[in-house]
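Please examine the sequence and the model shown here.

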Amino acid sequence: MTSLRGRWPGWLLALLLVLPLAGLVVGLLKGHLGVNPVETLTHVTGEWALRCLILCLSMTPLSRVTGWTWPLRLRRDLGLWACGYACLHFSVWWLFDHGLDPASMLGDVLKRPWITVGVATLLVLLPLALTSTRAMVRRLGGQRWKRLHRGAYLAGVLAVLHFSWLVKADLFEPLLYATILGLGFLLRWPPWSGRRGRADTVRAFR
Ligand code: HEM
């Protein structure tokens with residue numbers, strides 16, 4: 001069981017990651033979200049979903065390079081925050097762009113490939129969030145759970161693709177995220193990673 005003291009990185013993270021959401025709620029209530037509040041809601045939730053996902057995928061490489069174990073314990077929280085912001089992002093789009101109409105939403109998903117990629121990202125993230133508990137690790141068994149959670153890399157690649165599709169001029173941010181993902185993949189490559197993968201899964205739940 002993680003002691004109360006051992007949980008402080010998670011609490012600190014929650015405190016920091018709730019700020020953009022609080023900013024949106026306050027901005028919405030006070031009418032401070034600019035000339036196009038829906039656009040602001042879509043952009044802020046999308047950006048934070050992507051940032052949390054990239055941070056989540058960077059925790060194992062960071063732990064491997066530094067030997068620190070605290071990044072492993074933040075992976076689950078970061079993944080849940082990524083999924084939470086992604087669900088909000090999706091809800092804003094479905095509510096404001098399609099008035100919650102499933103047929104209109106589906107039409108858009110089929111018509112615009114970058115939207116298809118966004119939806120695919122969310123569909124990969126959701127089962128990971130739903131199986132992120134200790135009880136689900138036990139139920140699925142360590143190996144199956146790990147195989148399923150490798151989907152997080154796929155979600156990372158899809159999310160960067162979705163973002164890159166939208167960016168027309170300044171490619172700095174998508175390139176930065178793609179580089180972080182690429183370095184993370186390299187650091188996880190079997191010749192370097194050895195047998196550490198299983199130990200990392202165990203540590204993440206301590
Ligand atoms: C669930 C399905 C999704 C839909 C329907 C969707 C839709 C959208 C839309 C409509 C925009 C605004 C495009 C514009 O500026 O014209 C957007 C932007 C964005 N989305 Fe998504 N998205 C989805 C999933 C995701 C996911 C899962 C992530 C990340 C994990 C993500 C990250 C982003 C980012 C980073 C932006 C750009 C924000 C900015 O302009 O700064 N999206 N998305």
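Helix 2 supplies the largest share of the shell around the ligand, seven residues; helices here are DSSP runs (H or I, at least four residues) numbered from the N terminus. The model is a predicted one, in which local features need pLDDT of at least 70, side-chain atom pairs count only at pLDDT 80 or more, and totals for chains, interfaces and linings use all residues. Residues are numbered from 1 along each chain as its sequence is written.

In total, 21 residues surround the ligand, the closest being Gly46, Ala49, Phe90, Gly118 and Leu122; a residue is near if its C-beta atom, placed from the backbone, lies within 6 Å. Two or more residues each come from helix 2 (37-66), helix 3, helix 5 and helix 8 (151-166).

Helix 3 (residues 70-98) packs on helix 5 (residues 113-130) at an angle of about 135°, with axes 10 Å apart. Axes are lines fitted to C-alpha atoms, for helices over the stretch in contact, and angles run from 0 to 180 degrees between N-to-C directions. Helix 3 is therefore oblique to helix 5, since angles under 35 degrees count as roughly parallel, over 145 as roughly antiparallel, 65 to 115 as roughly perpendicular and the rest as oblique.

The axes of helix 5 and helix 8 come within 9 Å and cross at roughly 155°. Helix 5 is therefore roughly antiparallel to helix 8.
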